[in-house]
Amino acid sequence: MAFFKRKSEFTLEINRTLQSDGILLSIFLNKELVSLPVRLTISELKKINNIDLLQLVEDLFLDNKIIQVEVGKYLLSYEEVYKITPEERELLNLPPNITYTNVELDNDSFVGSRTFKFIPKIHSDKYVNLHRIGQRKGPFIELPSKEIIMLDESHYQFLKDVENEPINDNDLFLYIARVKKHAKSLGIPVSQHIERENYEFIDEVDIAVKKTDQGIELSPTFQHEYLEEDELNIFNETNNWYAKKDSKRIFVDKKARENGDKIKKLKTIEGKDIPKFVQNPIGFIPEEIEISLDDFSDRVKSLGIRVYKAQPFVNANRSENGWFEYETGFVLKDNEGNSISKETESYFQDEELDFKQVDENTYIEVPDNVAEFKKLSKDLKVEAVRNRSNKLDLSNYILEIFENISNVEYNQPLLDLREELKNQQVFEITPPSTFKAILKPFQEDGFIWMKTLRYKGVGGLLADDMGLGKTIQVIAFLTYLKEMNRLGPSLLVLPKSLIQNWVNEMEKFAPVLTKNHYVHTGPERSKKSEEISKYDIVLTTYQTLVRDQLFLGRIDWQFVICDEAQAIKNPTTSSSVVVKALKNKGRLALTGTPVENNLSELWSIVDFVQPGILGSLKDFKKQYETTNSDQNSYDTIRNSIEEKLKFIYKRRTKSGELKDQLPVKYEHKVPVAMGKEQEKIYLDIIRKTKSKEVQALQGIMNLKMLCSHPGLIQPPLSNLNYKKVPKLDKTMQILNEVKEKKEKVLIFSEYRKMQAILKKNIINIFETNPMIINGETNSRQEIVDEFNNSDGFGVLILSPKAAGTGLTITGANHVIHYTRWWNPAVENQATDRVYRIGQEKEVHVYYPIIQGNKGGQTVEEVVDALLSRKNELAENVIVPSRNIDIENELLKQLQLH
């Protein structure tokens, strides 16, 4: 019997092998291959030194960026290698940065010979003839010294093209033409022999648009930088993939020819479809035609065909005798809201048409409910003459217009009149019993506001701060519409990533809404208006809406809701034009950031919500867009715009109206000293940057990493005792205080190495395994759910960028911004994972900031001051904040110019 057992060894190895088709990652646990994810105990985690590599590989697996080829072995494609960050490549023991090389194309033997072969030659500034002295695997060249060089992606793709040799001799000339064109496009010189061989290769096809007497004709147009128009037009007259023109042999790629044949089958755009095509040309191009349509809309606009919108208007003006005189009609506008002319109700004689053709190049889009608007307008004017003594006697007629005619433009007297019109049912604060949640007081206010908008026939912009439950307020409103039999069909237009979240939230809070809903995405989606219109709620993406506007635009939507409405911030983009053209009886836009860059974005969103309320874009920009940076001018602009939007705009912030409805949030600036190792490296980076040994911006990045931990700059220091890194030491002290309270904490850092250092120290000190969230993996929610539902102390480490959307982590009430993100909006969004509806405890946010030991501000002190300034401006979502260029400010204040 053995009284003593030898302590078993524990090893975790992740090996990487460069192959022709990608990088093979092999995971060994105790010398045996194991599959991901690897489950380790606390004691096992303490024994490994490659936590950061393990975390990266598991993230790649969960994000579907590596595929399992057999037990314990995973393949990372070379295309994916270019998408990961330099830091992630370095963790995989790959070169973090690209080595720029020169490539030449030589050949062996002559064209037509069975032994013909291209010979690529690769050179760099440091090495000549890399193709001879090194061994290439994919984009990597390994030298005899074991140094690995990473090629530029364009050169790697070119070398792949060269290696894709034809199987059949018949395809040799096509192959030569293709490679020769690829070389020319990259500026790669070819041998004189290849240069003399007059082969040209066409792999691009586009759609030409031409206006004729019959309509707008669509035809394929082949693209080639070095061929003349008559040489390209050969392929419009033949079905061959090869042609000879003078001394040139011209080949067409099979895929380009297939797309060209599909384009030839497109019908001429005629009659009533012409204005629809001009409004949304992409919607007429089938998805199976695989070509870029980036500038297709611009080519259609160049035809000079104008399509204007006709918007009903009702104006009330007080006469000298004190009564109101009413003017009604249609104002014709372009996409930027500029008024072209005003017309009376008689302008549209045939209400059945979608468009009225004014002349050969001008169309007017006929608004919905023309006949009804004409009748109500006539009745309103008759009653106005009869009843001049009491304006409220006209309320029934005005409200009918508000209720039934969408997109009506009103003037200020009518907006004021609306405020006098009350309806008790509208102001009932309790949602229907089919809504399974209790609204917060401010959410009840939002719910009532939406009902009021619906009752008054106007749209709304809900710009609540992130985390205040815009979604749940809308779901309550949709439940109300369902009870009133006014829900279906309603359209929700969303980013693709939010569709499932909306479905889940409706299922949770209002199951009645999901009994008749439809997600309109994917290749199998319905293309029939009558089928789609049978659903109460239809969810789709902005991209799909642009594609399917022809039949989605025929549906009489009760309500159209745009979530993350910054997607329509540009008034001339297809998504913006199409969403504004939808038939509807109500409109709602949701976004916490209606202005990201300039005021035109706000105008475009409001133009969807309530056209005309901010005038034309031209006049709006003239009045409000100013270069004056004086704070008073910003306040004046904000107040003026908010006054115009007061009926249709609602924004609440956690720091404003909700300060008594959410727990208190405390922010702690935590000054920490610089460790001896850090200080030495810090001064060296400053010296090298000032002497131009290191580029200024790279110097700043190095200082930022160094302030996190010296191991990020000098890897051997990664295992430095945490007591010798004051910032890390202080963080561990904060964690200890959180643990004593049995509470949870989030730590944010953008650096994977720093995340691993934090994780390693937390495991060793607190005997707990903090999970790490990077990227957009679907497993994020599983990690968060487990974290939220666990009892007692817990730590979650996240990248600020990964935490931007979709995560509610109210199980934690402490946040440590270990590495500052140089954008206050992103940093606030990270904090808002914790500080949002559902949080019941006081929230503490910590900013450990490195201070200099010998006077002068450190990079973290300067950044903190700049972010504080920028954060004050970022609170204003109506007027864009003045930009603060943090990098240039750092160069200036640290005197690194």
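1. Asparagine 485 is exposed, with a relative accessible area of 71%. The model in which this residue is seen is a predicted one. Asparagine 485 sits in the loop that links helix H17 to strand E23, and its phi is positive, near 60°, although the residue is not glycine.

2. Proline 489 belongs to the loop between helix H17 (470–483) and E23 as well.

3. Asparagine 93 is another residue other than glycine with a positive phi, near 60°. Its loop runs between helix H4 (86–91) and strand E6 (102–108). The relative accessible area of asparagine 93 is 57%, so the residue counts as exposed.

4. Another cis peptide bond joins leucine 36 to proline 37, with omega near -10°. Proline 37 is placed in the loop between strand E3 (32–33) and helix H1 (42–47).

5. Some totals for the chain follow. Its secondary structure consists of 34 helices and 34 strands. The chain has 897 residues, and 53% of them count as buried. Among contacts with a separation of 6 or more, 66% are between residues 24 or more positions apart. The accessible surface is about 42500 Å², and carbon and sulfur atoms contribute 46% of that surface.

6. Seven strands form an open sheet with parallel pairing, in the order E24-E25-E23-E26-E27-E22-E28. At its edges are strand E24 (517–519) and strand E28 (649–650), each of which pairs on one side only. Three bridges connect E24 with strand E25 (residues 537–541), and the two strands run parallel. Within E25, leucine 539 is the residue opposite valine 519.

7. Which strands does helix H18 lie across? Helix H18 (residues 499–509) lies across strand E23 (490–494), E24, E25, strand E26 (559–563) and strand E27 (587–590). Its direction is at about 160° to that of E25. Helix H24 (residues 599–609) also packs on the sheet, where it touches strand E22 (460–462), E26 and E27. The angle between the directions of H24 and E27 is about 150°.

8. Strand E30 (residues 744–748) is mostly covered, with five of its five residues buried. Lys744, Leu746 and Phe748 point one way from the strand, while Val745 and Ile747 point the other way; all of them are buried.

9. E30 has parallel pairings with strands E32 and E33. Five bridges join E30 to strand E32 (residues 794–798), and lysine 744 is opposite glycine 794 of E32. Four bridges join E30 to strand E33 (residues 814–817), in which histidine 817 is the bridge partner of phenylalanine 748.

10. Is helix H30 mostly enclosed or open to the outside? Of its 15 residues, 13 are buried, so the helix is largely enclosed by the rest of the structure. H30 covers residues 752–766, and at 1.5 Å a residue it should span 21 Å. The C-alpha atoms at its ends are 20 Å apart, which agrees with that expectation. Glutamate 767 follows H30, and its phi is positive, near 55°.

11. Lysine 276 is part of helix H11 (residues 273–279). Does this lysine count as buried or exposed? Lysine 276 has a relative accessibility of 17%, and because buried means under 20%, it counts as buried. Leaving aside residues up to four places away in sequence, lysine 276 touches Phe284, Asp354, Phe355 and Leu550. With one of these, aspartate 354, the lysine 276 side chain makes a polar contact of 3.5 Å, side chain to side chain.

Notes
Residues are numbered from 1 along each chain as its sequence is written. This is a predicted model: local features need pLDDT of at least 70, side-chain atom pairs count only at pLDDT 80 or more; totals for chains, interfaces and linings use all residues. Side-chain values use heavy atoms; hydrogens and water are left out. The expected span of a helix is 1.5 Å times one less than its number of residues. Buried means under 20% relative accessible area, exposed over 50%, partly exposed in between (1.4 Å probe, protein chains only). Two strands pair if DSSP finds at least two bridges between them. Contact means heavy atoms within 4.5 Å. Axes are lines fitted to C-alpha atoms, for helices over the stretch in contact, and angles run from 0 to 180 degrees between N-to-C directions. Accessible areas come from the Shrake-Rupley method with a 1.4 Å probe; for residues, only the protein chains shown count as cover. A polar contact is a pair of N or O atoms within 3.5 Å; within protein, one must be able to donate a hydrogen and the other to accept it, and residues adjacent in sequence count only if both atoms are side-chain atoms.
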